[in-house]
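Subject: Structure handover

Hi,

Here is the structure I promised to pass on. Have a look at it first, and then read my notes below.

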Amino acid sequence: MDLNVTYLTLGGHVEVHKYRYLYFIIIFTAYIFIICSNCTIVYLIWSQQNLHEPMYIFIAALLINSVLFSTVIYPKLLIDFLSEKQIIPYSACLLQYFMFYSFGGSEYFLLLGMAYDRYVSICKPLQYPTIMKKTAVCIFLAVAWLLPAAELVAAVIISLNRKLCNFTLKGIFCNNTIHKLHCVPSRTILMYGVFLLMNIALLPLLFILFTYAKIFTVTYRSSREVRKKAAETCLPHLLVLINFSLLCTYDVIIVRLESDIPKVSRFIMTLQLILYHPVFNPIIYGLKMKEIYKHLKRLFKIK
C-alpha cells in the first residue's frame, strides 16, 4: 500500500467474510446479464435498418449508458467481495463519484430526448421528419453525455481540496456520502449540490412529465388506434423513468437519514439501487417495444 495515498474504508458492507462468495455470484451474474442483454438490444438496433429511427437510437444510447453506469460500480464491488479489506484511494473514490452521477444525469437527459421525440411524433407528426433530423439526435446525445459531466467537474475539484477528518465511508461505493468525510461541512458544496440536483435531475424530470402530459392530452382526444400507439411507445419510457426516479430519490434521502438507517437495511437498499435499473431496462425495452421484441424472437428463433 502506498503511504502517500489517502485510502478510504468502504464501511457499508455487511459480513463480507461470511457471505463473500454469495455476494460475488449475485453481482457477477447480474453484471454478465446487464452486459449481454443490453448489448444484444443495441446490436439489434444497429444491425436492423428499420430500427434506425430516433426513438430506437435513444433507446440504444440509454442501454449503453446503463452498461457504463454498471461498469462504474460492479467491477470494484466484485474486487471488494474477494478482498480482506474493502478500501479505495480517495482520488479513485472521487472518480467513481463523478462517473456515477455523470451517467445518472445522462440517464435523465436521454429520457428527456425520448420524451421530446415521442411528443413530436404523436403531437406534430407532419413536422417530425423536419424536427427530428440526424443532426438534432446527435446534439441531444452529445448534450446528454457532456453536460452532466461538465457540471460535475466543479464538484469534484471542490471536494479534492477539502481536508478529511473521517476515512470510513458508510456505503459500498462512492456517492454523496463522500461529503460527510470532510472536517468542516462546506456551504459551497451544499449549494452546488442543490444546483446539480435541479439542473441534471429535477428540471429534466419536470420537462419529461410536462411532455407526457401534453401527449396524453392530445391522444385522449384522438382515435383509439392513436391512443394504443401512444401507449405502446410511451409506457416503457414511463416505467423506466419511474423506476430510475425512485432510485434517485432513495440516493438523496439515504444521505440525509444516514445515521437513522440500520446498516443491513442500507446495504440491501444500496444493492437494489445498483441492481434494479440496469437489469430492468433491457427487460422493459425488450418485451414492451413491439419491433425490438419481434427482432429478438427472430434472433433467438422463438416462435
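In which helix does Asn65 lie? Asn65 lies in helix α2. Before going further, the ground rules: this is a predicted model, in which local features need pLDDT of at least 70 and side-chain atom pairs count only at pLDDT 80 or more, while totals for chains, interfaces and linings use all residues. Residues are numbered from 1 along each chain as its sequence is written, and side-chain values use heavy atoms, with hydrogens and water left out. Helix and strand names come from DSSP runs numbered from the N terminus (H or I of at least four residues for helices, E of at least two for strands).

**Asn65 and Ser106**

Back to Asn65, which counts as buried at 0% relative accessibility. Buried here means under 20% relative accessible area, exposed means over 50%, and partly exposed is in between, with a 1.4 Å probe and protein chains only. Leaving out residues up to four places away in sequence, Asn65 touches Phe103, Ser106, Glu107, Leu110 and Trp145; contact means heavy atoms within 4.5 Å. One of these, Leu110, is 45 residues from Asn65 in sequence, with the two C-alpha atoms 9.1 Å apart in space. The side chains of Asn65 and Trp145 are also joined by a polar contact of 2.9 Å. By that I mean a pair of N or O atoms within 3.5 Å; within protein, one must be able to donate a hydrogen and the other to accept it, and residues adjacent in sequence count only if both atoms are side-chain atoms.

Ser106 sits in helix α3 (residues 90–123). Ser106 is buried too, with a relative accessible area of 0%. Its side chain reaches the backbone oxygen of Ala144 at 2.8 Å. Apart from neighbours within four places in sequence, Ser106 is in contact with Asn65, Ala144, Trp145 and Pro148.

**How the helices pack**

Helix α2 (residues 54–81) packs on α3 at an angle of about 165°, with the axes 9 Å apart. Axes are lines fitted to C-alpha atoms, for helices over the stretch in contact, and angles run from 0 to 180 degrees between N-to-C directions.

What about α3 and α5? They pack at an angle of about 150°, with their axes 8 Å apart, so α3 is roughly antiparallel to α5. By class, their contact has 22 nonpolar, five polar and no charged residues.

Next come helix α5 (residues 134–160) and helix α6 (residues 187–220), which pack at about 165° with axes 11 Å apart. Again, that makes α5 roughly antiparallel to α6. The α5 side of the contact includes Pro148, Leu152 and Ile158, and the α6 side includes Thr188, Ile189 and Tyr192. This contact divides into 10 nonpolar residues, three polar and one charged.

Ile158, in α5, is partly exposed, with a relative accessible area of 25%. Not counting residues up to four places away in sequence, Ile158 touches Thr188 and Ile189. Ile158 and Arg224 are 66 residues apart in sequence and 54 Å apart in space, C-alpha to C-alpha.

**A few loop residues**

Is His182 buried or exposed? At 8% relative accessibility, His182 counts as buried. His182 has its place in the loop between β3 (168–169) and α6. Beyond residues up to four places away in sequence, the residues His182 touches include Tyr90, Ser159, Cys165 and Ile189.

Met289 lies in the loop between α8 (263–288) and α9 (290–299), and at 2% relative accessibility Met289 counts as buried. Met289 and Met114 are 175 residues apart in sequence, yet 13 Å apart in space, C-alpha to C-alpha. Setting aside neighbours within four places in sequence, Met289 has contacts that include Met55, Tyr56, Glu232 and Pro236.

Finally, Glu15 is in the loop between β1 (7–10) and α1 (16–47). Phi of Glu15 is near 45°, a positive value in a residue other than glycine. At 38% relative accessibility, Glu15 counts as partly exposed.

Cheers

How values were computed:
Parallel < 35°, antiparallel > 145°, perpendicular 65-115°, else oblique. Nonpolar A, V, L, I, M, F, W, Y, C, P; charged D, E, K, R; others polar.
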